[in-house]
Amino acid sequence: MARRALLCLALTVSAVGLWAGSAPAGAIGQRPTSVMGALEQDVLSNVNLLRQQHGLGALRLSPKLAAAARLHSTEMAQRGYFSHDSANGTSFDKRIARFYSLTGKRYWSVGENLLWSSPDVSASSALDMWLNSPEHRKILLTARWREIGLSAVHVTSAPGTYGGREVTIVTADFGVRR
């Protein structure tokens, strides 16, 4: 099977800004077959090494951002679409805010990188794909981020956009709250 990878990024949103993207298609698909905890850990290590090489602080793994990322990767896998927007059209910042609240904070900012690859992707190749895109690179190297949530979901036969292929979908949600 030919290897295929696609990238998507969301512009960073500060405070309660909006990001508008294309409306997702919504075919209902099968449940993800596995969650790739090792891939997520390797992506975190690679992102932090990259940030260190650029004089930036390491990112802490946030369970709240990870929950937002997990919901999104799983939803895209099940419904067969690839977008920063949720299946119901909700923008990425509003989806993340449901988990990573801005209540009681003076400053809140989030960003998101996505990718999918058929059939698999390694942490180093995910990072390389993001680095080869100026917009993704900018999100990875944004100095204000303090936390990250990662989700990698593998599906043996993904519907819709994925054409029934075996795919791995990665969501990286970045954030800071003060």
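Reader: Is arginine 95 buried or exposed?

Author: Begin with the general idea. Buried means under 20% relative accessible area, exposed means over 50%, and partly exposed lies in between (1.4 Å probe, protein chains only). Arginine 95 has a relative accessible area of 0%, so it counts as buried. Now the ground rules. This is a predicted model, in which local features need pLDDT of at least 70 and side-chain atom pairs count only at pLDDT 80 or more, while totals for chains, interfaces and linings use all residues. Residues are numbered from 1 along each chain as its sequence is written, and side-chain values use heavy atoms, with hydrogens and water left out.

Reader: What is the average pLDDT of the chain?

Author: pLDDT is the predictor's confidence in each residue, from 0 to 100. The chain averages 85, and 80% of the residues score at least 70. Where pLDDT is low, the predicted coordinates should not be read in detail. Over residues 9-31, pLDDT stays under 50. The model has 73 contacts there beyond four places in sequence; a contact means heavy atoms within 4.5 Å.

Reader: Back to arginine 95. With which residue does it form a salt bridge at 3.0 Å?

Author: Side chains of opposite charge can pair when their charged atoms come close. The cut-off for a salt bridge is a side-chain nitrogen of Lys or Arg within 4 Å of a carboxyl oxygen of Asp or Glu. Arginine 95 pairs with glutamate 112, their closest N and O atoms being 3.0 Å apart. Arginine 95 sits in helix α3 (residues 92-97) and glutamate 112 in strand β4 (residues 108-118), 17 residues apart. Helices (H or I, at least four residues) and strands (E, at least two) are DSSP runs, numbered from the N terminus. Glutamate 112 also has 0% relative accessible area, so it is buried.

Reader: How many salt bridges does the structure hold?

Author: There are 4. One of them joins arginine 60 and glutamate 147, at 3.9 Å from N to O. Arginine 60 is in strand β3 (residues 60-61) and glutamate 147 in strand β5, 87 residues apart. Glutamate 147 has 14% relative accessibility, so it counts as buried.

Reader: In which sense do β3 and β5 pair?

Author: Two strands pair if DSSP finds at least two bridges between them. β3 and β5 pair in the parallel sense over 2 bridges. Arginine 60 stands opposite glutamate 147. β5 also pairs with β6, in the antiparallel sense, over 9 bridges. There, valine 153 has isoleucine 169 as its bridge partner.

Reader: How many residues of β5 are buried?

Author: 9 of its 9 residues are buried, so β5 is largely enclosed by the rest of the structure. Glu147, Gly149, Ser151, Val153 and Val155 point one way, and Ile148, Leu150, Ala152 and His154 the other. Take leucine 150: its relative accessible area is 5%. Its contacts include Val43, Leu61, Ala69 and Thr171.

Reader: How many residues are in the largest nonpolar core?

Author: In soluble globular proteins, nonpolar side chains tend to be buried together. A nonpolar core is a set of buried Ala, Val, Leu, Ile, Met, Phe, Trp, Tyr and Cys residues joined through side-chain atoms within 4.5 Å. The largest one here has 24 residues, and Leu140 and Phe174 have the most contacts inside it. Elements giving it two or more residues are α1 (37-53), α4 (123-131), α5 (134-140), β5 (147-155) and β6 (167-177). α4 gives the largest share, 6 residues. A second, separate core of 12 residues includes Tyr81, Trp116, Val153 and Val167.

Reader: What does leucine 140 touch, beyond four places in sequence?

Author: Its contacts include Val47, Leu127, Trp130 and Phe174. Helix α4 is mostly covered, with 7 of its 9 residues buried. Among them are Leu127 and Trp130.

Reader: How far apart are the end C-alpha atoms of helix α2?

Author: The expected span of a helix is 1.5 Å times one less than its number of residues. α2 (residues 63-79) has 17 residues and should span 24 Å; its end C-alpha atoms are 24 Å apart, which agrees. Its buried residues include Leu65, His72, Glu75 and Met76. The cover over them includes α3, β4, β5 and β6. Just after α2, glycine 80 takes a positive phi of about 70°.
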